[in-house]
Amino acid sequence: MQFMLLFSRQGKLRLQKWYVPLSDKEKKKITRELVQTVLARKPKMCSFLEWRDLKIVYKRYASLYFCCAIEDQDNELITLEIIHRYVELLDKYFGSVCELDIIFNFEKAYFILDEFLLGGEVQETSKKNVLKAIEQADLLQEKLDSLL
Amino acid sequence: MALKMVKGSIDRMFDKNLQDLVRGIRNHKEDEAKYISQCIDEIKQELKQDNIAVKSNAVCKLTYLQMLGYDISWAAFNIIEVMSASKFTFKRIGYLAASQCFHEGTDVIMLTTNQIRKDLSSPNQYDTGVALTGLSCFVTPDLARDLANDIMTLMSHTKPYIRKKAVLIMYKVFLKYPESLRPAFPRLKEKLEDPDPGVQSAAVNVICELARRNPKNYLSLAPLFFKLMTSSTNNWVLIKIIKLFGALTPLEPRLGKKLIEPLTNLIHSTSAMSLLYECVNTVIAVLISLSSGMPNHSASIQLCVQKLRILIEDSDQNLKYLGLLAMSKILKTHPKSVQSHKDLILQCLDDKDESIRLRALDLLYGMVSKKNLMEIVKKLMIHVDKAEGTTYRDELLTKIIDICSQSNYQYITNFEWYISILVELTRLEGTRHGHLIAAQMLDVAIRVKAIRKFAVSQMAMLLDNAHLIASNTQRNGICEVLYAAAWICGEFSEHLEEANQTLEAMLRPKVTTLPGHIQAVYVQNMVKLYASILQQKEQAGEKEAAQEITQLMIERLPQFVQSADLEVQERASCILQLIKYIQKLQIKEVPVAEEVIALFAGELNPVAPKAQKKVPVPEGLDLDAWINEPPSDSESEDEKPKTIFHDEEQRHSRHRQPEIDEEELARRREARKQEQANNPFYIKSSPSPQKRYQDTPGVEHIPVVQIDLSVPLKVPGMPMSDQYVKLEEERRHKQKLEKDKKKKKQKKEKRGKHHRHNSLHTESEEDITPAHHVDIITEEMPENALPSDEDDKDPNDPYKALDIDLDKPLADSEKLPVQRHRNAETLKSPDSEAPPVEKSKKPKKKEKKHREKERDKGKKKEKEKKVVEEKEEKKGEDLDFWLSTDPPPVSTTQPQSGPEVSAAVVAEPEEVKKEEREEQQEEDEGKKSSKHKKKKHKKEKEEKSKDKKKSKKKHHSEEEATESVQNGTLDDEPLPPMSSYRLLAENPYIKMTYDIQGNLQNDSQVTVSVIFENKSTSFLKSMELNVLDSLNTKMLRPEGSSVHDGIPVPFQLPPGISNEAQFVFTLQSIVMAQKLKGTLSFIVKNDEGSTHEKLDFKLHFSCASYLITTPCYSDAFAKLLESGDLHMSSIKVDGISISFQHLLAKICFHHHFSVVERVDSCASMYSRSIQGHHVCLLVKKGENSVSIDGKCSDSTLLSNLLDEMKETLSKC
């Protein structure tokens, strides 16, 4: 996977994770272009589109669009599953997640993503393990915080 | 301190936290930008405080702002501060911020190396984890090189949590630092069988990604992956493995055969669509790579097509889309299987989803045949009519043209029909593909002679109705077809029935509103028309009519003479004068038609698009050489030529020419054009070669014009292509009946007549004979055209660097760099001989030990080399064996996981590996010898391995013995540290030291390691090292670069930092020392700005640098001396004050020798050159002198070596 973007129906970026090194300018350009293209698509359309030499896989959950860029040979369906799995993880962690959760706890959303994917590859396929790792890291953080 | 803490926490209470910031931004929707800039100011204040909690909070907020699109690169240093906080809470934030905003251009990134290394080795697994995660986002080549070894160690961490992260990040490291792949690969492979499924799947992921880019290096892993595939139940992992096999099978078709069965089983059994889809895709890939005639071949294809049909019929748009996508892959090799689903695919054209319709269109492209082309195009035309949205309709239009014109119009049986289709397409409102239609019209009219009459009549009609097409001209792309129409009518005017009428149409005032390039074509072609009318009238003796037409031209042409377009104006005024002259002649009753028509005599043939490229350069012609030396321009000669220009031309060594001015360039361009025009290869010589079009308008000159037309166009009186469909059906029916009667003989005749170039004979289809006697003129190619088409590979492909043979044994030079020299810098040595900056300064004892190890390895390497050579031969066979038998002997490739493996030193697993390899090889041999012997062989093997262990032990003890001999005395007094790094050059900015090592694997290569030390307070970047190659010694440059190109140094240097880079040189002869001149160029960047600097140096390749320390046993040494093949020479050096062992150590270290034996003050030494010369020394120490007798297989080498030694020793 090359990158993952989360954005709202209004086109506001909520989360971005880049697994390929790009300049900020290029990132912004890509983001703008993709947000526009994806938002312009009709609801009944399929979740895939070809864009430059990449494939874009996106899915809408409530008011949020989850959008991934994969390479030509990658499997679109498994990418959809990755998106779904990530949503499930967010859901479990926040308890029926909503857009506001991600806005206000955006760093947590990143942490969860980082435990699930690393360098664009699935790191942990077990939901339980991902959440366990996050919980323990949080615990460690709290312990330290309480020491202060 | 306590007060500070309290103060800090009070500060924090007043700070905005992230939640406040987010809330604030949401509450300031009106003046968001202003609010945020206010927040950034606050953050800047917070970052100035000492309290890390405040800083971390600030960085967290910045990370949020970065997502909103604000630049936070200015805070990079603060981010590093937060990263290096000891508390996990802050560290986590720091790394998150870094992973979001650091990239390769971030200057401060190199400051993180040590921090990251510290975090990687933290006892807390979450510290390590967070560092790994962060690193995966911003790893640079420098970081990759410096941390590769640390990460590799983590691959064997006790916690699977760390292992899996380390394994995954290795892929990023490989991409940035390809040299790490070979040393790390054995361990990576091991992880395929990690007890933890997460780690295992991570390893599968990484190897699959690697293998997808360069599959051939991973073929040997096929058995292991096959086992994993048949045993794994994890769909995520399965998909990756199956994808990997998809990449491998094209290289090894037998693998495909083996795969078909398990894959089809999976297709039948799985309920996961993603897995099913992957399987189908891979089966397709496998079947494509397999030669036909395989059993079950068609069954598998049928299975795939069936499954895909189910996907396409599914209500889920995603599945429909992917089904069509996969179907198109099958189409390429098995068009028949797909064609039977034509109905389904045509249905998809009605789908709501445009992307699905486009997919279906793609499929249709491959599905057409002579039989169904008209039908399919008819359906598409209907869709064109009802399509909403110009994009999709334009897509349809291009697809129709693509479908019809594919493979040189292979499927078109009736070109009248096609012309009608094209004419119908001109009715499209607002298409931007007018030029496409025009190009097709031109192409067909030129290349299909039989259609010209019909085409001309259609085009004349278009010209007549130009007002419909050309309304709203400027934005109307469709008016491009008028370009084609005008040209066709003019060029083939002999076919025109109502030429007068057409000429009239072309002279209408409305024409002047057309774009300039079209008007130009109009003007040119109306003369052609005029000429043919003139001829016609003259022949018929209608003088008055002829004069009338001349008069018409003279009356109407001035409107073009006034054109604002230069081309139009020029042509029109020229032609106007010509016609006025003709009028004069006409008045004198001189017949002129013949001469006028001669202006346009000769026939145009199409030229192949690549024709120009293919013209071979005649022997002896140097295109770069000057034909005439240009006159020297005194004023511009002093000017230094622009570097860009010269770089491009690659000529700087040969000529230094003043810049050529624009005029000169234009003149030459013109001359070249002239030459091309006169080139017989360019346009086929016509009957009258002196009269030729010099400026034929080509399709490529037609610019694309954006248009948007609101009123639909109807061109009256045009034929409907539908009629042809009906006619064609009738014709075919008739033909069939006839054929049934007359049978084969006639068929043959017909086929002979209807011969077409380039068309493939596909059975039954060929039965449909074209309606016209169609001859497609093939595009012309120059004589002696070069047949090859270089397929240019992208040199910038990041994965190309990872195309590395993984089966070769590891060389010393390939070890991952363990951070040494930077740390060693603090150890200043008292030795005056050593340069101030040294890398491997170590107490002698260590050095010695290290060398022992090295030597040890050297020995092993030789053994290993042999083993591997054999193994390499067998590698293919092993795979053969696996591919030909069931079940696979996977066990042979299982790496042994012992306790040693987790050791951090690279050398050790290598050792284990080597042993394994030998065993494995034996096992393989066993397998190959017949199965009956298996048991017996096992015993043998056991014995053998025991033997080997014994012999190994023996070696060790022997070595220990020699070691003790040496160490016995050496230990007495410590030796001063030595460095093999010599000064290369230095200036106030930079200092370079270098060392040269022979390459074990290549007898004509040495590696030069250069340490660059930044001595200034500025930043050094864009360093590039270049040398002037000699005949004998050349720097190895990346493929495609010239001998004048430098090699970029792969890092930048901040103040006070040093780093090492390696350059490989190839040599022919090594018997003499060499010196190469070179230059290092670099950019110095500081606050004042940046300057370009250069530093010249001389690289000295001593003969000693071609020697490789090679151990030798005394008996072998004696034999060597006895053999008598060696030349002898000796030297004596006086005034030696240092101790004997010190002296020996110097010879060992600087000249790469090893001590064979030592008795008192006498020692024998040995070394070998990279090209296999033996060098033996006998060193004797007298009172104050040393004498060295040398024997070597090459006398020149020996005398040079001794000279060098003399120099070293005389310094003692």
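# Close-up views of a predicted two-chain model

Figure 1. Ser1105(B) sits in the chain B loop that runs between strand E9 (1089-1101) and strand E10 (1107-1108). The model shown here and in the other views is predicted. With a relative accessibility of 2%, Ser1105(B) counts as buried, because the limit for that class is under 20%. A polar atom of the Ser1105(B) side chain is 2.4 Å from the backbone oxygen of Ser1102(B). Leaving aside residues up to four places away in sequence, Ser1105(B) touches Ile996(B), Gln997(B), Gly998(B), Val1006(B) and His1152(B).

**Figure 2. The ring pair of Phe1012(B) and Phe1051(B).** Over all chains, a search of the whole structure finds 21 aromatic pairs. In the pair of Phe1012(B) and Phe1051(B), the ring centres are 5.9 Å apart and the planes meet at 70°, so the arrangement is edge-to-face; the cut-off for this class is over 60 degrees. The pair links distant parts of chain B, 39 residues apart. Phe1012(B) belongs to strand E3 (residues 1005-1014), while Phe1051(B) is in the loop between strand E6 (1047-1048) and strand E7 (1058-1067). Phe1012(B) is buried, at a relative accessible area of 0%, and Phe1051(B) also counts as buried, at 3%.

**Figure 3. An aromatic cluster in chain B.** Ring pairs join Tyr409(B), Phe415(B), Trp417(B) and Tyr418(B) into a cluster. The search over all chains gives 21 aromatic pairs. One of them is formed by Trp417(B) and Tyr418(B), with 6.3 Å from centre to centre and 35° between the planes, a tilted arrangement. Both Trp417(B) and Tyr418(B) are buried.

Figure 4. Leu425(B) is part of helix H24 of chain B, which covers residues 415-425. The relative accessible area of Leu425(B) is 1%, and the residue is buried. Residues touched by Leu425(B) are Met381(B), Leu397(B), Ile400(B), Ile401(B), Ile437(B) and Ile478(B), with those up to four places away in sequence not counted. Between Leu425(B) and Val384(B), the C-alpha to C-alpha distance is 8.9 Å, at a separation of 41 residues in sequence.

**Figure 5. Lysines over aromatic rings.** In chain A, Lys59(A) lies over the face of Tyr61(A), 5.8 Å from the ring centre. In chain B, Lys44(B) lies over the face of Trp74(B), at 4.9 Å from the ring centre.

Figure 6. The whole-structure search returns 0 disulfides over all chains. Cys67(A) is in no disulfide, and the nearest cysteine sulfur, that of Cys68(A), is 6.8 Å away. Cys67(A) counts as buried at 0% relative accessibility. Cys137(B), with 12% relative accessibility, counts as buried too.

**Figure 7. Overview of chain A.** Chain A contains 5 helices and 7 strands, and their order along the sequence is β-β-α-β-β-β-α-α-α-β-β-α. Of its 148 residues, 61% count as buried. Among contacts in chain A between residues at least 6 apart in sequence, 48% join residues at least 24 apart. Chain A exposes about 6300 Å², of which carbon and sulfur atoms supply 51%.

Methods: Residues numbered from 1 in each chain as written. Chains lettered and ligands numbered in written order. Predicted model: local features only at pLDDT ≥ 70, side-chain atom pairs only at ≥ 80, totals over all residues. Heavy atoms only, no water. Phe/Tyr/Trp six-rings, centres within 6.5 Å; stacked < 30°, edge-to-face > 60°. Buried < 20%, exposed > 50% of the residue type's maximum accessible area, 1.4 Å probe, protein only. Helix = DSSP H or I, 4+ residues; strand = E, 2+ residues; numbered from the N terminus. Lys NZ or Arg CZ within 6 Å of the ring centre and 35° of its normal. Contact = heavy atoms within 4.5 Å. Disulfide = S-S within 2.5 Å. Polar contact = N/O pair within 3.5 Å; in protein donor to acceptor, adjacent residues only side chain to side chain. Areas by Shrake-Rupley, 256 points an atom, 1.4 Å probe, with all protein chains shown as cover.
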